[in-house]
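Have the structure open beside you as you read.

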Amino acid sequence: MAKEFKLTQESLDKLKEELEYLKTVREHEVAEQIKEARSFGDLSENSEYDEAKNEQGKVFSRMAEIENVLAHAVVITDDMYAADEVSPGCRFVVKDLELDEEEEYHFVGSQEADPMDGKISDESPFGKAMLGKKIGTVVEVEAPDGTIKYQIVDIKK
């Protein structure tokens, strides 16, 4: 069974736009670069040709990746989880009980995850631990340094 990719509608739309750009604009630009590099002659020592072919490979690889994600995408909707639970698409605030510090996170799909920017997915240990929890719940998360306890302070849908 193929892996499902949980995405917000906004993220799905961005991926569709990127794929359209790659197919209609970028692919043709790279084809022109290859055509121009071929005109320089001997391909065995032609760095412009090699670079253009590498870029073409990157473009086709990204297109295939996006098409795979779109083919197996599941759009996260508000009615998939209770309004008072941490769920994909919501923003939530947790308090680190050891450090007595609060941080806000945005629960996103795996393709959008960026922990350094506060965007987590259900594929991370932190995201798995938080999924479905309610305000006031103390959640233990396994980390390389040991177990960290967080309390859910707020949930915004």
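Keep in mind that this is a predicted model. If you'd like to find it on screen, look for Tyr105, Pro115, Met116 and Ile120, which are among the residues that line it, along with Phe126, Glu142 and Tyr150. E6 gives the most, with 3 residues.

Now move over to the largest pocket, with a volume of about 380 Å³. It has 18 lining residues, and the closest to its centre are Thr8, Glu10, His106, Val108 and Glu112. Sorted by class, this lining holds 4 nonpolar, 6 polar and 8 charged residues. Helix H1 (residues 9–38) supplies the largest share of the lining, 4 residues.

That brings us to H1 and its packing. Two packed helices are described by the angle between their axes and the distance between the axes. For H1 and helix H2 (residues 47–71), the axes come within 9 Å and cross at roughly 160°. An angle over 145 degrees counts as roughly antiparallel, so that is how H1 and H2 lie to each other. Their crossing is left-handed. In the contact of H1 with H2 you'll find 15 nonpolar, 2 polar and 11 charged residues.

Definitions and conventions: Residues are numbered from 1 along each chain as its sequence is written. This is a predicted model: local features need pLDDT of at least 70, side-chain atom pairs count only at pLDDT 80 or more; totals for chains, interfaces and linings use all residues. Side-chain values use heavy atoms; hydrogens and water are left out. On a 1 Å grid over the protein atoms alone, a cavity is a set of points where a 1.4 Å probe fits but cannot get out, and a pocket is an open set with protein on both sides within 12 Å along at least five of seven lines; lining residues have an atom within 4 Å of a point. Grid points are joined across faces, edges and corners, and a volume is the space filled by probe spheres set on the points. Helices (H or I, at least four residues) and strands (E, at least two) are DSSP runs, numbered from the N terminus. Ala, Val, Leu, Ile, Met, Phe, Trp, Tyr, Cys and Pro count as nonpolar, Asp, Glu, Lys and Arg as charged, and the others, Gly among them, as polar. Axes are lines fitted to C-alpha atoms, for helices over the stretch in contact, and angles run from 0 to 180 degrees between N-to-C directions. Angles under 35 degrees count as roughly parallel, over 145 as roughly antiparallel, 65 to 115 as roughly perpendicular and the rest as oblique. A crossing is left-handed if the near helix is turned anticlockwise from the far one by less than a right angle, and right-handed if clockwise.
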